[in-house]
Amino acid sequence: MHYTIFASPVGELLLAGDKLGLRRLCFLDDRPAPPETAQWQRDDEALAEAREEVLAYLAGRRRSFNVDVAPEGSDAQREVWAAVMRIPYGRTRTYGEVAQRLGNGKPVIAVSSASAANPLPILIPCHRLVAAKGIGRYSGGEALKQRLLDMECGAAGLQ
């Protein structure tokens, strides 16, 4: 697994991936980076395109991503993440709306749990998932979630 760490407008980020695609995006805040091991090697160049796409998104110059993603998760989680990736830029859906669209009796808690386990926040835009009453939780914190939503709405001319 290759990784890179870089400064962004929302704090220090870690991107990690392999030949299949990006596997993780982490908000480092005060958390330490993973130590280099045989499994994790720092390689800023290998992830340069992904880093630039994330930075362009955070600057409001990009609405979607071209880099491959390969999140690790259960089939049920990947189904939810695929649904989240279909939420249009600048829009939101409630956990209940996504559960209903997925059908198969998928409960709201399953959508919420899959969102919380999202290994690629921003790239899999779980910040676009909101609670029926309020903004809901986010791995980067509720303030960052609101900031990303406000940025998208402003860039999309939806304010």
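The protein chain of this predicted model has five helices and six strands, where helices (H or I, at least four residues) and strands (E, at least two) are DSSP runs numbered from the N terminus. Along the sequence, these elements follow the pattern β-β-β-β-α-α-β-α-α-β-α. The radius of gyration, taken over C-alpha atoms, is 15 Å, close to the 15 Å that the globule rule gives for 159 residues, so the chain is as compact as a globular protein of that length. That rule is 2.2 Å times the number of residues to the power 0.38.

**Overall dimensions and packing**
- The C-alpha atoms fill a box of roughly 40 × 35 × 30 Å along the principal axes.
- Of the 159 residues, 43% count as buried, meaning under 20% relative accessible area (1.4 Å probe, protein chains only).
- Among contacts (heavy atoms within 4.5 Å) with a separation of 6 or more, 60% are between residues 24 or more positions apart.

**Arg93**
- Arg93 lies in strand β5, residues 93-94.
- Arg93 is buried yet has no salt bridge, defined as a side-chain nitrogen of Lys or Arg within 4 Å of a carboxyl oxygen of Asp or Glu.
- Beyond its neighbours within four places in sequence, Arg93 contacts Ile87, Pro88, Val98, Arg101, Arg128, Leu129 and Val130.

**Basis of the values**
- Residues are numbered from 1 along each chain as its sequence is written, and side-chain values use heavy atoms, without hydrogens and water.
- Local features need pLDDT of at least 70 and side-chain atom pairs count only at pLDDT 80 or more, whereas totals for chains, interfaces and linings use all residues.

Key: Buried < 20%, exposed > 50% of the residue type's maximum accessible area, 1.4 Å probe, protein only. Lys, Arg positive; Asp, Glu negative; His and termini not counted.
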